[in-house]
Amino acid sequence: MNETVFERPHGDRGDRENAEQVDRPSLPDLLSELVDGGRDWLNAEAAVFRAETRRRLIIAGIGLGLLTLAAALVACTLVTFLIGVLFALTPVVGAVWATTIVIGVALTVAAIAALVGRLQLRKLTRRG
């Protein structure tokens, strides 16, 4: 009972290689998956960017609203202060002169602030 076993030239690998080649996706399939994956990634990144932008805009809106409230309160306080100065000066110099002094000082301070602000903004447009 001699059994002779014949080996294949490449052993059993020949059948496995053929089986693996059948299971492997083709190059167009791989490229399609790559494009789909890239599209999904870009969509996810865009969604994150939109969410972050929305969050920042909400924070900026709250901050600007609070700054507007503060500016309005400062303006009201300044008006109240000027009225107080007007009432304090009226018994001393009379109503007309008290009004003239308060308006003159307020306009002078406003003009100085406007000139300094304009000079600051000009620094932004200068070259060098």
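A residue is called partly exposed when its relative accessible area lies between the limits for buried, under 20%, and exposed, over 50%. In this predicted model, Glu-52 has a relative accessibility of 31% and therefore counts as partly exposed.

Glu-52 takes part in two of the contacts described here. Its salt bridge with Arg-55 has its closest N and O atoms 2.6 Å apart, and the two residues lie three positions from each other in helix H2, about one turn of the helix. Arg-55 is likewise partly exposed, at 42%. Glu-52 also forms a salt bridge with Arg-56, where the closest N and O atoms are 3.0 Å apart. Glu-52 and Arg-56 are separated by about one helical turn because they are four residues apart in helix H2. Arg-56 has a relative accessible area of 56% and so is exposed. Through shared partners, Glu-52, Arg-55 and Arg-56 form one network of salt bridges.

The count of salt bridges comes to three. Among them is the pair Asp-36 and Arg-39, with closest N and O atoms 3.0 Å apart. Both residues belong to helix H2 and are three residues apart, about one turn of the helix. Asp-36 is partly exposed at 33% relative accessibility, and Arg-39 is partly exposed at 45%.

The largest pocket holds about 160 Å³ of space. Helix H2 (27–93) and helix H3 (95–125) each contribute at least two residues to its lining, and H3 gives the most, with five. The lining consists of Leu-78, Phe-81, Leu-82, Val-85, Ile-101, Val-102, Val-105, Ala-106 and Val-109. By class, the lining has nine nonpolar residues, with no polar and no charged ones.

Key: Residues numbered from 1 in each chain as written. Predicted model: local features only at pLDDT ≥ 70, side-chain atom pairs only at ≥ 80, totals over all residues. Heavy atoms only, no water. 1 Å grid on protein atoms, 1.4 Å probe; cavity = no way out; pocket = protein on both sides within 12 Å on 5 of 7 lines; lining within 4 Å. Points joined across faces, edges and corners; volume = space filled by probe spheres on them. Nonpolar A, V, L, I, M, F, W, Y, C, P; charged D, E, K, R; others polar. Salt bridge = Lys/Arg side-chain N within 4 Å of Asp/Glu carboxyl O. Buried < 20%, exposed > 50% of the residue type's maximum accessible area, 1.4 Å probe, protein only.
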